[in-house]
Amino acid sequence: MAFNKTQGTWGRADNVTGTAKAWINFDGDDGGSAAVRTSFNVSSLAERAVGKFTINFSTDMPNANYVVAGVVGNADDGLSVTAVRVANSPAVGNVQINTSY
């Protein structure tokens with residue numbers, strides 16, 4: 001997000017240094033019906049297996065040297081949290097992640 005000084009509002013900025021180039025919030029339901037809640041620069045989400053996902057970018061990253069960070073929560077108890085692990089080396093067009101509780 002970037003602040004627009006002229007309009008006094010917050011908005012998305014695609015090419016601002018120091019801002020996230022892509023992000024996603026999704027429901028990774030164990031039933032194989034992963035659903036994107038909201039995202040930026042994400043064209044699709046594919047569930048490869050239970051807890052294993054591929055996140056595809058709308059616009060490729062400039063190179064594969066980017067950081068992936070995430071947190072997983074269990075909606076059933078609201079307490080279980082673990083970090084997201086990158087499954088393979090990131091690619092410019094997508095990243096594969098594995099999650100677990």
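The answer below begins with the chain as a whole and then turns to the core and its surroundings.

A: This is a predicted model, in which local features need pLDDT of at least 70 and side-chain atom pairs count only at pLDDT 80 or more, while totals for chains, interfaces and linings use all residues. Residues are numbered from 1 along each chain as its sequence is written, and side-chain values use heavy atoms, with hydrogens and water left out.

The chain contains zero helices and ten strands. Here helices (H or I, at least four residues) and strands (E, at least two) are DSSP runs, numbered from the N terminus. Of its 101 residues, 22% count as buried; buried means under 20% relative accessible area, exposed over 50%, and partly exposed in between, with a 1.4 Å probe and protein chains only. Among the contacts in the chain with a separation of 6 or more, 35% link residues 24 or more positions apart. A contact means heavy atoms within 4.5 Å.

The largest nonpolar core has ten residues: F26, V42, L45, F53, I55, F57, M61, Y66, V95 and I97. A nonpolar core is a set of buried Ala, Val, Leu, Ile, Met, Phe, Trp, Tyr and Cys residues joined through side-chain atoms within 4.5 Å. At least two residues of this core come from each of β5 (42–49), β6 (52–57) and β10 (94–98). The largest share, three residues, is supplied by β6. In soluble globular proteins, nonpolar side chains tend to be buried together.

These strands also belong to a sheet. Four strands form an open sheet in the order β5-β6-β10-β9, with antiparallel pairing. Its edge strands are β5 and β9 (85–86), each of which pairs on one side only. Two strands pair if DSSP finds at least two bridges between them; β6 and β10, which run antiparallel, are joined by five. One example is T54, whose bridge partner in β10 is Q96.

Apart from neighbours within four places in sequence, I55 contacts I24, V42, S44, L45, G93, N94, V95 and I97. The structure holds two aromatic pairs, and the one formed by F57 and Y66 is edge-to-face, at 5.8 Å centre to centre with 80° between the planes. Rings of Phe, Tyr and Trp (its six-membered ring) pair if their centres lie within 6.5 Å; planes under 30 degrees apart count as stacked, over 60 as edge-to-face and the rest as tilted.

N41 lies in the loop between β4 (35–40) and β5. N41 counts as buried because its relative accessible area is 15%. Beyond its neighbours within four places in sequence, N41 is in contact with K21, A22, N56, F57, S58, T59 and M61. Its side chain reaches the backbone nitrogen of T59 at 2.7 Å. Although N41 is not a glycine, it has a positive phi of about 60°.

V84 is found in the loop between β8 (81–83) and β9. Not counting residues up to four places away in sequence, V84 touches G70, V71, V72, I97, N98 and T99.

Key. Polar contact = N/O pair within 3.5 Å; in protein donor to acceptor, adjacent residues only side chain to side chain.
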